[in-house]
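Here is a briefing on a predicted model. Look at the sequence and the structure first, then read the points below.

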Amino acid sequence: MERTANIDLAAWRPRKLAGSHPLTARFFVGLLICCACLSALLASWLPLQFSVITVFLFAGPHNWFELRYFLMRLPVRFGKSRNFFLTAFVGIGFLTLAYVALPVVYAFNLWPDYAWPMILASWNTLLLLWLGLLVWLRGKQKPKQDWSWAIPVTLGLCSINWLAPEFFSLAIVYLHPLVALWFLDRHLRRTRPAWLRAYRRCLWLLPLLVAGMFWQLALTPALPDDNGLFWRITQHAGAQLLPNISSHMLVAVHVFLEMLHYGVWLIALPLIAPLAKAADGRHTLRERGRIWDVKTLPLARHPRGFPKLIVTALAFGVFLVAILWIGFSVNYATTRDIYFTVAIAHVLAEAPFLLKML
Amino acid sequence: MKQFFSLCILCLLLATAKPAQADIARPKPSPDQPRVVLRTSLKIVPDSKSYEARLQISQSSLQELRAALTNTQANESMAQRIVHSSTRTMLAGVFMFLSLSFAGVWLARSVQARGQKTITALLMGAAVIGGAVIIARANAGPPGVWTWRRLPQNLSKGTTTNGAIDIEIVPDPSDGSGMKLIIPIRPE
């Protein structure tokens, strides 16, 4: 069943499609470079303003697209992956609830201030152990490969986390946007292998752009964080933890990475996904390009699938995006806080789906 | 009858043990131990032109001292934070121990004999460098008694003596004295 559900993504004829669509590798690479350079430029120029705008516009929609993508990747029956997916969903649920509970507990002042780094380190440890378990379970499905290296790596990361839990959490803030680039890499490998080399070469631009931003912004004065919103944005980027680095640079780099993250989920992956789907010959490119058509999802299309549940989930997702926009319009700062707390769920959800693509 | 007698003896023993334990005098409260809040360096400079003794504290040392006194961790360096949290350091050590143990098992099981030697050599090298770093950080220089041993001669010669110093917070002395500088010097 699981294989049946994945047929769409596995069956792929790149030669046929390469000639059937005007989108070429050169156009794709050009688009990537332009988007990356433009994002770096805008983020460096007005970091706070673009942080506000990008989160307002793209945070909700990119989550909806991620949800749709994950539903597309979810098999109709778990089969041999039952333990993997059960572990994944239990972990996502538990870790999200624990993470959301932290600010509530903090508000009630149940623990003294000095205990918070330990609480943070405990949550990070649970996250790492969950990830390590997922990697190990995924490795068991690949008998030809030895993935048991995940155990010492996980434990080593746990050790580093206990030395500096705040920095570990900050690392997650900066590394999470890069996961989208990894998704794109795996997706290209499956759907457009001819583009993969060019894409990986483009990735070299990323450290160059970050280094350029560092060079240009390292000596800039700190951003004004006198109002609550700007203070939140600079804190999110790690201004308090890294007082010797210009907050302008920190926020700019973070906004740049976030813009890339949104770009991958909202532009790059939807741009490629319809192409990939058209290979089966059952739907035309135009039909496959409709993101609203739930029949493009194996989970809804399959005779033993759940079309109503999928429609409900996607419709509820649209409703949440609308609610988020209303919330941003009414009280941006509070909604942003709530969003970034609850959004840990999508950060966690990316891990199992990425592992399934490896 | 024998069992009943034994039980009575046991009850009597328990009954007398509790008051006996309760009658033990309370342990004397231990005197307040000086609390080391900052480790820094001290330079004793004899100045033949000065008329007053002066204590010069650098701006950064003062800030560190103030932060240490107020127990704020915001401006602490990473090393200071680690030093101040023994629980976290212990847990980090436990996880590091487990990580290295599992890494060793994984190496032994997975890598070919030739590769094993290379990776073992790399790991050993990393461990030696790590150990050297830890020793260097944990014991940055000889003990204070060594650095301060030439203080009397230097004072008589009018030259500077430089060494490490721990700043301790102690209860107010009964004689009303202010600061006290304790220099570890062994009589010759």
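Helices (H or I, at least four residues) and strands (E, at least two) are DSSP runs, numbered from the N terminus. By that count, chain B has 7 helices and 2 strands. This is a predicted model: local features need pLDDT of at least 70, side-chain atom pairs count only at pLDDT 80 or more, and totals for chains, interfaces and linings use all residues. Residues are numbered from 1 along each chain as its sequence is written, and chains are lettered from A and ligands numbered from 1 in the order in which they are written.

**Chain B overall**
- Along the sequence, the pattern of chain B is α-β-α-α-α-α-α-α-β.
- Two residues are in contact if their C-beta atoms, placed from the backbone, lie within 7 Å.
- Take the contacts in chain B between residues at least 6 apart in sequence: 70% of them join residues at least 24 apart.
- A residue is buried if 20 or more other C-beta atoms, placed from the backbone, lie within 10 Å of its own.
- Of the 188 residues in chain B, 5% are buried.

**Helix α4 of chain B**
- Helix α4(B) covers residues 86–110, 25 residues in total.
- From first C-alpha to last it reaches 35 Å, close to the 36 Å expected at 1.5 Å a residue. The expected span is 1.5 Å times one less than the number of residues.
- Its buried residues are L91(B), A92(B), F95(B) and S99(B).
- The cover over these buried residues includes α7 of chain A.

**Contact between the chains**
- Chain A contributes 15 residues and chain B 14 residues.
- On the chain A side, α6 (116–140) and α7 (150–163) each give two or more residues.
- α7(A) gives the most, with 8 residues.

Notes. A residue is buried if 20 or more other C-beta atoms lie within 10 Å of its own, exposed if 12 or fewer, and partly exposed in between; C-beta atoms are placed from the backbone.
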